[in-house]
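Work through the two exercises below with the structure in view. Each task is followed by a solution in steps.

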Amino acid sequence: MRSSSIFYFALTSSVFQACHAFSPTPAGLPDAVIKTTTKLHASSTNTSTNSNNIGVDFFKNLFNGANKNILNGAELVKPTEAMLEKVHFLILPGFGNAPEDYTMPRSLVPTLLSRGWSENNISVLPMKRSDWLKVFLCGALDLKFWQADAAPTRPAFRWYLELVASEVKRIVEEEKPETKVVLVGHSAGGWLARASVGFGTTEVYPEREVMDSNVQVALDNILGIVSLGAPHLPPPEGEMDMTRGALRITNELFPASFHLPSGTFYVTVAGTAITGEEQMRESMMEPTTVNGFAYNSYKAVCGDGNAIGDGVVPLEASHLDGAEQLTLENCFHSINAPEEWYGADRFIDQWHKVVLKQLEFSLKKS
């Protein structure tokens with residue numbers, strides 16, 4: 001046990017610094033990631049969807065003539081009055097991230113505001129960057145954590161689920177009872193959104209004898225889950241599970257778009273900016289290349305370091321069956337690339353249009 005403990009802490013320490021398999025902090029990603037040495041998947045910024053989803057051309061035709069806005073020469077789609085009255089986006093930070101990463105200039109919140117949403121429609125999970133240390137500090141005292149069999153309701157991630165439940169309740173109580181919350185999870189925030197709704201809903205977890213009120217959420221209050229570069233699939237056998245079982249258990253109990261039949265929509269957004277390439281460094285002092293960093297991250301997430309993805313999360317782990325799936329070419333994972341990540345002006349309209357369509361459909365049903 002002692003040797004495995006030392007090994008795990010040595011490994012997770014490096015993971016925390018580089019935010020392996022999750023979202024890097026503004027200072028947490030190798031410089032190579034934001035330099036031009038990367039091998040890009042393509043030179044265009046096209047959007048693709050799976051064959052089961054509505055095509056981009058459909059949306060272009062659908063929104064012609066209505067709710068248009070022009071910014072920097074690009075046609076944007078604005079939320080309707082009904083959306084402004086009833087919808088609230090709760091942004092869930094990725095591993096190592098904090099609210100300021102999403103509220104700073106050119107990040108997700110300002111970009112959404114420029115698309116017609118108001119400050120009353122958007123909030124970020126109130127937490128500190130140092131809160132992520134709880135994953136290790138609280139998990140260290142939990143045997144299930146060491147056995148890689150710790151559900152998200154156990155100490156390592158429980159604090160996150162409690163924050164989500166508390167914030168959803170606050171939003172509904174302070175606004176209107178009919179307010180509908182859309183969880184927008186970046187990186188680890190994506191699968192933690194699924195865990196929060198799954199473990200926080202009584203009827204979908206019958207094995208539990210007593211409902212845990214501290215993580216409880218009302219499913220009627222959750223209108224949708226949007227994930228941006230989230231690892232939705234646990235690593236294959238043989239790869240260390242950096243979530244210590246939390247993602248695997250979430251996936252087993254609440255697979256794919258689990259709450260879709262209950263009226264909760266799902267949108268998964270992935271990027272294909274970098275192909276992983278193993279780097280043989282001659283010393284620890286040699287800088288990690290962007291492709292080398294991607295290789296290590298992809299391997300930890302899906303077992304294939306040579307996969308393609310957003311530089312941190314591989315494409316093959318980023319989508320959920322039953323969700324509206326969008327894959328953005330040349331889109332990076334990290335806020336470190338403010339003009340090239342999911343929340344940038346360059347990319348946000350491509351998935352924002354799809355979310356608006358989902359909102360329009362869902363609000364008509366509710």
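**Exercise 1: a pair of helices**

Helix H9 (residues 188–199) packs against helix H10 (residues 246–253) at an angle of about 55 degrees, and their axes are 10 Å apart. The model is predicted: local features need pLDDT of at least 70, side-chain atom pairs count only at pLDDT 80 or more, and totals for chains, interfaces and linings use all residues. Residues are numbered from 1 along each chain as its sequence is written, and side-chain values use heavy atoms, with hydrogens and water left out.

Task: Classify how H9 and H10 are oriented to each other.

Solution.
- Step 1. Angles under 35 degrees count as roughly parallel, over 145 as roughly antiparallel, 65 to 115 as roughly perpendicular and the rest as oblique.
- Step 2. H9 and H10 are therefore oblique to each other.
- Step 3. Contact means heavy atoms within 4.5 Å; from H9, Trp191, Arg194, Ala195 and Phe199 meet Ala246, Leu247, Ile249, Thr250, Asn251 and Leu253 of H10.
- Step 4. By class, this contact of H9 with H10 has seven nonpolar, two polar and one charged residues.

**Exercise 2: a lysine in a strand**

Task: Decide whether Lys180 is buried or exposed, and find which residues Lys180 touches.

Solution.
- Step 1. Lys180 is placed in strand S6 (residues 180–186).
- Step 2. Buried means under 20% relative accessible area, exposed over 50%, partly exposed in between (1.4 Å probe, protein chains only).
- Step 3. Lys180 has a relative accessible area of 18%, so Lys180 is buried.
- Step 4. Not counting residues up to four places away in sequence, Lys180 touches Lys86, Val87, His88, Asp220, Asn221, Leu223, Leu363 and Ser366.
- Step 5. A polar atom of the Lys180 side chain lies 2.7 Å from the backbone oxygen of Asp220.

Technical notes
Axes fitted to C-alpha atoms, helices over the stretch in contact; angles between N-to-C directions. Helix = DSSP H or I, 4+ residues; strand = E, 2+ residues; numbered from the N terminus. Nonpolar A, V, L, I, M, F, W, Y, C, P; charged D, E, K, R; others polar. Polar contact = N/O pair within 3.5 Å; in protein donor to acceptor, adjacent residues only side chain to side chain.
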